[in-house]
Amino acid sequence: ARLAQCPPRFLAAAWALLEKHPSPSREEIRQALSGNLCRCTGYLKIDQAVELAAARLRGEDAEPERETLYGRP
């Protein structure tokens, strides 16, 4: 199996964004990550992960939404 090439690129782009904007909007996240392609997953979970990381970096006691982890019941 081939290891996906996209995670390091998404992480680098997300980190660069969060260094400049500790409270990015969903649109700012999408714009910052727009140069990266991923064929493994949908982009929504990646956007949500960046939102969660931003909240935690701000010191908030943030948890992922249940749907993010398990999908809708």
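These legends describe close-up views of a predicted model.

**View 1. Helix 1 crosses helix 2.**
Helix 1 covers residues 6-20. Its axis and the axis of helix 2 come within 9 Å. The two axes cross at roughly 130°. That angle makes helix 1 oblique to helix 2. The crossing of this pair is right-handed. From helix 1, the residues in contact are Phe10, Ala13, Ala14 and Leu17. They meet Glu28, Ile29, Ala32 and Leu33 of helix 2. By class, this contact has 7 nonpolar residues, no polar residues and 1 charged residue.

**View 2. Helix 2 crosses helix 3.**
Two packed helices are described by the angle between their axes and the distance between the axes. Here the axes of helix 2 and helix 3 come within 10 Å. They cross at roughly 115°. Helix 2 is therefore roughly perpendicular to helix 3. This crossing is right-handed. Helix 2 brings Arg26, Ile29, Arg30 and Leu33 to the contact. Helix 3 brings Leu44, Ile46, Asp47, Gln48, Val50 and Glu51. Sorted by class, the contact of helix 2 with helix 3 has 5 nonpolar, 1 polar and 4 charged residues.

**View 3. Isoleucine 29 is a buried residue of helix 2.**
Its relative accessibility is 0%. Buried means under 20%, so isoleucine 29 counts as buried. Isoleucine 29 touches Leu17, Pro24, Asp47, Val50 and Glu51, leaving out residues up to four places away in sequence. Look for leucine 17 among these contacts. Leucine 17 and isoleucine 29 are 12 residues apart in sequence. In space, their C-alpha atoms are 7.5 Å apart.

**View 4. Asparagine 36 sits in a loop.**
The loop lies between helix 2 (26-33) and helix 3 (43-57). Asparagine 36 has a relative accessible area of 12%. That is under 20%, so asparagine 36 is buried. Leaving out residues up to four places away in sequence, asparagine 36 touches Arg9, Phe10, Ala13 and Tyr43.

**View 5. A salt bridge joins glutamate 51 and arginine 26.**
Side chains of opposite charge can pair when their charged atoms come close. In this pair, the N to O distance is 2.7 Å. The bridge links distant parts of the chain. Glutamate 51 is in helix 3, and arginine 26 is in helix 2. They are 25 residues apart. Glutamate 51 is partly exposed, at 27% relative accessibility. Arginine 26 is partly exposed too, at 26%.

The whole structure holds 4 salt bridges. Glutamate 63 is exposed, with a relative accessible area of 57%. Arginine 56 is partly exposed, at 45%. Arginine 58 is partly exposed, at 35% relative accessibility. Glutamate 60 is partly exposed, at 41%.

Notes. Residues are numbered from 1 along each chain as its sequence is written. This is a predicted model: local features need pLDDT of at least 70, side-chain atom pairs count only at pLDDT 80 or more; totals for chains, interfaces and linings use all residues. Side-chain values use heavy atoms; hydrogens and water are left out. Helices (H or I, at least four residues) and strands (E, at least two) are DSSP runs, numbered from the N terminus. Buried means under 20% relative accessible area, exposed over 50%, partly exposed in between (1.4 Å probe, protein chains only). Contact means heavy atoms within 4.5 Å. Axes are lines fitted to C-alpha atoms, for helices over the stretch in contact, and angles run from 0 to 180 degrees between N-to-C directions. Angles under 35 degrees count as roughly parallel, over 145 as roughly antiparallel, 65 to 115 as roughly perpendicular and the rest as oblique. A crossing is left-handed if the near helix is turned anticlockwise from the far one by less than a right angle, and right-handed if clockwise. Ala, Val, Leu, Ile, Met, Phe, Trp, Tyr, Cys and Pro count as nonpolar, Asp, Glu, Lys and Arg as charged, and the others, Gly among them, as polar. A salt bridge is a side-chain nitrogen of Lys or Arg within 4 Å of a carboxyl oxygen of Asp or Glu.
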